[in-house]
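Subject: Structure for you to look at

Hello,

Here is the structure I said I would pass on. My notes follow below it.

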Amino acid sequence: MIERTLFTPDHEAFRDSFRRFIANEIAPFHAEWEEQGYVDREVWRKAGANGFLCMTMPEQYGGSGADKLYSVVQMEELNAAGFTGIGFSLHSEIVAPYILHYGTEEQKAHYLPKMASGEMVGAIAMSEPAAGSDLQGVKTTALMQPDGSYLLNGSKTFITNGWHADLVVVVAKTKPDAGAKGTSLVLVERGMPGFDKGKRLKKLGLKAQDTSELFFDNVKLPASQLLGGPEQENRGFICLMEQLPWERLQIAIGAVAAAQAAIDWTVAYVKDRKVFGQPVASFQNTRFTLAELQTQVQVARVFVDKCTELLVEDKLDTATASMAKYWTTDLQCKVMDECVQLFGGYGFMWEYPITRAYADARVQRIYGGTNEIMKEVITRAMGLPGR
Ligand SMILES: Cc1cc2nc3c(=O)[nH]c(=O)nc-3n(C[C@H](O)[C@H](O)[C@H](O)COP(=O)(O)OP(=O)(O)OC[C@H]3O[C@@H](n4cnc5c(N)ncnc54)[C@H](O)[C@@H]3O)c2cc1C
């Protein structure tokens with residue numbers, strides 16, 4: 001195996017402490033959370049109290065000013081363990097960065113410390129029932145009123161952390177006739193009149209994740225709820241585009257970690273399981289399948305580590321991040337499928353981590369921009385004609 005050079009001993013020490021947190025505060029409860037369809041709110045507060053939320057935010061806003069590799073460690077550990085109900089990375093590494101990069105000083109000072117402590121859970125609401133891949137087609141509007149406030153109307157679906165969310169960054173049209181150039185990001189808080197959460201959605205996988213619908217019916221937002229204030233009005237689409245490389249890379253990081261874990265579980269299982277009086281591992285088909293999968297996951301890891309290095313240096317472009325997202329998530333699904341096969345009937349039983357990992361993997365090719373959209377992005381960077 002190629003030795004990884006991404007992490008320092010400090011990152012690895014952090015990995016150990018986060019593993020202990022997972023073992024004590026997540027592992028004993030995750031199966032129960034899958035049954036109920038959401039994680040207990042307590043785990044957010046405990047993560048906050050232990051400094052595991054919004055770590056990369058500056059200290060003045062409640063974070064630790066840590067580099068992104070600490071978040072990468074968290075993503076790897078949660079994905080490898082299969083604890084996919086935990087929405088920390090979306091909260092800390094997608095929602096919080098929008099506030100840090102584009103928010104006003106007041107917005108940063110108000111929201112980030114609460115997110116870092118776990119008092120507030122964050123979500124981002126782009127997708128709508130009729131607009132997922134085609135984000136320019138969002139119908140939700142935030143129209144300025146004579147008194148300078150905004151009136152928010154519309155609905156969102158498939159929102160990760162949606163049911164727990166206290167703060168939602170909502171993509172809305174502030175100038176509906178201007179297409180992408182009339183899109184803004186607005187900040188909506190739990191309890192605002194007219195803001196309702198729909199049902200938690202029943203899903204094929206990610207069963208402990210509280211993915212929800214959100215409804216906005218004449219929600220009156222003071223001008224202070226426009227992310228970034230007047231300076232960022234109608235710049236929402238640009239903000240979304242700027243954050244894409246990191247968001248897509250996060251999915252790839254999770255994909256590689258989950259795929260490697262699946263291979264490790266399968267290696268242990270096939271050495272133990274006997275069929276026709278011999279371990280399943282002794283069949284050439286088993287060994288060659290695992291050799292092929294391990295080769296591909298190793299290739300993926302080297303590529304994703306390189307992308308992470310570029311990200312830390314602020315040099316990762318959207319097309320390269322899209323390559324990582326599409327290729328590693330396709331691979332993740334292939335690895336899960338082949339590993340389930342090697343588990344035989346046990347690979348179809350929910351109590352086996354491989355079964356859950358198989359179910360959880362499928363959505364990786366869909367959210368964060370579908371893999372087909374990733375290929376569109378890559379072709380554009382290659383100078384090929386678009387639609
Ligand atoms: C579990 C889960 C969590 C999610 N979390 C969030 C979240 O937190 N926030 C949020 O805003 N959204 C979230 N999403 C939504 C997700 O990002 C969208 O589902 C995704 O972008 C696809 O949009 P869609 O479902 O509308 O599919 P559609 O856009 O309807 O796509 C249908 C099919 O058409 C294909 N297609 C579309 N356009 C093209 C094209 N130009 N060329 C070729 N093929 C194309 C797609 O690839 C797909 O195969 C989540 C979704 C899920 C399932």
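Is Ile366 buried, partly exposed or exposed? Ile366 is partly exposed, because its relative accessible area is 46% (buried is under 20%, exposed is over 50%, and partly exposed is in between, with a 1.4 Å probe and protein chains only). Ile366 sits in the loop between H10 and helix H11 (371-381); helices are DSSP runs of H or I with at least four residues, strands are runs of E with at least two, and both are numbered from the N terminus. Between Ile366 and Tyr326 there are 9.5 Å, C-alpha to C-alpha, and 40 residues in sequence.

Some conventions first. This is a predicted model, in which local features need pLDDT of at least 70 and side-chain atom pairs count only at pLDDT 80 or more, while totals for chains, interfaces and linings use all residues. Residues are numbered from 1 along each chain as its sequence is written, and side-chain values use heavy atoms, with hydrogens and water left out.

Overall fold

The chain has 11 helices and nine strands. Its radius of gyration, taken over C-alpha atoms, is 21 Å, which agrees with the value near 21 Å for a compact globule of 387 residues (the rule is 2.2 Å times the number of residues to the power 0.38). The C-alpha atoms fill a box of roughly 80 × 50 × 40 Å along the principal axes. Of the 387 residues, 53% are buried. Taking contacts (heavy atoms within 4.5 Å) between residues at least 6 apart in sequence, 74% join residues at least 24 apart.

Cores

A nonpolar core here is a set of buried Ala, Val, Leu, Ile, Met, Phe, Trp, Tyr and Cys residues joined through side-chain atoms within 4.5 Å. The largest one has 61 residues, and Ile26, Val43, Ile86, Phe88, Leu249 and Val335 touch the most other members. Helices that each supply at least two residues of this core include H1 (9-26), H7 (236-272) and H9 (318-343). H7 gives the largest share, 11 residues. A second, separate core of 30 residues includes Ile99, Ala131, Leu227 and Phe237.

Leaving aside neighbours within four places in sequence, Val335 contacts Ala259, Ala262, Ile263, Leu293 and Val297.

Gln332

Gln332 lies in helix H9 and is buried, because its relative accessible area is 4%. With neighbours within four places in sequence left out, Gln332 is in contact with Ala255, Ala258, Ala259, Ala361 and Gln364.

Regards
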